[in-house]
Amino acid sequence: AREHDVLVAIGRGLSNVEIAEALVISELTVKSHIGRIFAKLGLRDRAAAIVYAFDHGLVTPSALPDRD
């Protein structure tokens, strides 16, 4: 479940620090989750994870934060 939460947060464009703060976990734990996500899904980088999140309906453009 946490890996799913981290993948959604990556899809929303959050940094590791922002993900850690939002999920109340350490940045090291976020990095561990990301490594497992990449391995399980056969992804090689964060950009591929973002594409995966959009392609599989985990995030939508309306779910993205406003960044002025």
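The model is predicted, with local features requiring pLDDT of at least 70 and side-chain atom pairs counting only at pLDDT 80 or more, while totals for chains, interfaces and linings use all residues. Residues are numbered from 1 along each chain as its sequence is written, and side-chain values use heavy atoms, with hydrogens and water left out.

User: Why is Glu3 called buried?

Analyst: Buried means under 20% relative accessible area, exposed over 50% and partly exposed in between, with a 1.4 Å probe and protein chains only. Glu3 has a relative accessible area of 18%, and is therefore buried. Glu3 belongs to helix H1, residues 2-11 (helices are DSSP runs of H or I with at least four residues, numbered from the N terminus).

User: What makes the pairing of the Glu3 and Lys40 side chains a polar contact?

Analyst: The two side chains are joined at 2.9 Å. The term requires a pair of N or O atoms within 3.5 Å, and within protein one must be able to donate a hydrogen and the other to accept it; residues adjacent in sequence count only if both atoms are side-chain atoms. Glu3 also touches His33, Arg36 and Ile37, residues up to four places away in sequence being left out (contact means heavy atoms within 4.5 Å).

User: Why are H1 and H3 described as roughly perpendicular?

Analyst: The axes of H1 and H3 (residues 27-41) cross at roughly 90° and come within 9 Å. Axes are lines fitted to C-alpha atoms, for helices over the stretch in contact, and angles run from 0 to 180 degrees between N-to-C directions. Since 65 to 115 degrees counts as roughly perpendicular, H1 and H3 therefore receive that description. The contact includes Val6 of H1 and Ile34 of H3.

User: How do you know that H1 and H4 are also roughly perpendicular?

Analyst: H1 and H4 (residues 46-55) pack at about 100°, with axes 8 Å apart; they are therefore roughly perpendicular to each other. Among the residues in contact are Leu7 of H1 and Phe54 of H4.

User: Why does Val24 count as exposed?

Analyst: Val24 has 73% relative accessibility, and therefore counts as exposed. Val24 lies in the loop between H2 (16-23) and H3, and has a positive phi of about 55° although it is not a glycine.

Technical notes
Helices (H or I, at least four residues) and strands (E, at least two) are DSSP runs, numbered from the N terminus. Angles under 35 degrees count as roughly parallel, over 145 as roughly antiparallel, 65 to 115 as roughly perpendicular and the rest as oblique.
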